[in-house]
Amino acid sequence: MSLRIEAAHRAFRARGRDDVVALDGVDLTVGEGELLVVVGRSGSGKTTLLRVVAGLEPLDSGRVLLDGEDLTATAPGARGVALVFQEAALFPHLRVRDNIGIGERARGADRKVTEAAVVEVAATLDVEDLLDRTPSELSGGERQRVALARAMIRSPRALLLDEPLAAVDAEQRGRMRGVIRDVQRRLGVPMIHVTHDQSEAMALGDRVALMDRGRVVQCDTPDALYAAPSHVAVARGFGPLPMNILPPERGVCVGVRPERVRLDPSGSGPLCAVMEREPAGEDSLIHLVCAPEGTAVVARVPRGSEPRPGDQVRLSWDPAHEHRFNATTGERVA
Ligand SMILES: Nc1ncnc2c1ncn2[C@@H]1O[C@H](COP(=O)(O)OP(=O)(O)OP(=O)(O)O)[C@@H](O)[C@H]1O
């Protein structure tokens, strides 16, 4: 079963203002059992993409296909697509077992059959001890596991996750990634997972799609996006830290990752002033401003070897680690 989004276009009309183009010709395919992570700046169209696949938002043009079946005109409830939001939308007055089973009961499933299915899916998501609690008695991570259980019990044909871990603390987030991988293995259906968390995108995505202004700029494995961003928007928008992009010279901007920047007091590279030091565990992030354009640059250097705020340093890097982009189009150049 694969999910295809073809030439998807969606604009929001605004009186007295230009239309907002939320999806501008998006083509994506998510394979059976594949988890596609979607990242991108706020407003780049990620949520609209999920809503279009779920049928909550119509397309102006383009198609949504699941296993070859055109769902574009199919009502949300008849698509077999489950969507889990950041704020797990559980019914506050219902116990966890009823929150998980409510869809099955609404579809007319037998009470005993539903109860058995609830217990089974609750065990998968490790919420079986919480079945008699109400949502207000759960942590953020527990609420998300219940929301996933409610999505899973329907045996959806595709599963969409909109920042499901954004409200979960860092410790639980690691565990929840394992839960999401487990759900992926068990369901074996196409999954799309939207996140702002770069390490989550790296860790979870079989592939990652980076969106910018309603378009998919690059869609490939996390390693490929990191090693060879196809566009300056990917260089800035994917990875633990944004890539430094230096001012254009002869139509080309050089990009260098913070971990690859070396700081020398002497040397022939661009001259920079050290602005501040930000602790980053074993390393420090050094924020610099380069003369004469005032370009902001970040260098990640081992703790103990940092220059001090106010120092003047020169940047250098191994040319093997530089990325080059067309200064006009932003496209990667060889
Ligand atoms: N119902 C709507 N009416 C008007 N404009 C909308 C509507 N929904 C979304 N938009 C606009 O469409 C664009 C894409 O929005 P969308 O929510 O898809 O972005 P996003 O990438 O999910 O953002 P975020 O990361 O902040 O959640 C934005 O400019 C947004 O303001």
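How many helices and strands does the chain have? In this predicted model, there are 8 helices and 18 strands. Let us walk through them, starting with the overall layout.

The chain counts 334 residues, of which 38% are buried. Its C-alpha trace spans about 75 × 45 × 40 Å along the principal axes.

The largest nonpolar core holds 84 residues, and Val53, Ala149, Leu160 and Leu210 are the ones that touch the most other members. Helix H4, residues 140-152, supplies the largest share of this core, with 6 residues. Where does the core sit relative to the two domains? Domain 1 (3-227) and domain 2 (242-326) both contribute residues, so the core lies between them.

Leaving aside residues up to four places away in sequence, Leu160 touches Leu50, Val53 and Ala54, then Val81, Ala82 and Leu83, and finally Ile192. One of these partners, Val53, is itself among the residues that touch the most other core members.

Next, have a look at helix H2, which covers residues 96-106. Its buried residues are Val96, Arg97, Asn99, Ile100 and Gly101. What do they pack against? Their neighbours are helix H3 (111-124) and H4, and H4 is the helix that gives the core its largest share. A helix has 3.6 residues a turn if it is an α-helix, so positions three or four places apart point the same way. After H2 comes Gly108, which has a positive phi, near 90°.

Finally, let us visit the ligand. Which residues surround it? The shell consists of Phe12, Val20, Ala22, Gly40 and the run of Ser42, Gly43, Ser44, Gly45, Lys46, Thr47 and Thr48. Two elements each give two or more residues to this shell, strand E2 (20-30) and helix H1 (46-54). The largest share, 3 residues, comes from H1. By residue class, the shell around the ligand divides into 3 nonpolar, 7 polar and 1 charged.

How values were computed:
Residues numbered from 1 in each chain as written. Predicted model: local features only at pLDDT ≥ 70, side-chain atom pairs only at ≥ 80, totals over all residues. Core = buried A, V, L, I, M, F, W, Y, C linked by C-beta atoms within 7 Å. Buried ≥ 20, exposed ≤ 12 C-beta atoms within 10 Å, placed from the backbone. Helix = DSSP H or I, 4+ residues; strand = E, 2+ residues; numbered from the N terminus. Domains from an automatic or database assignment. Contact = placed C-beta atoms within 7 Å. Near = placed C-beta within 6 Å. Nonpolar A, V, L, I, M, F, W, Y, C, P; charged D, E, K, R; others polar.
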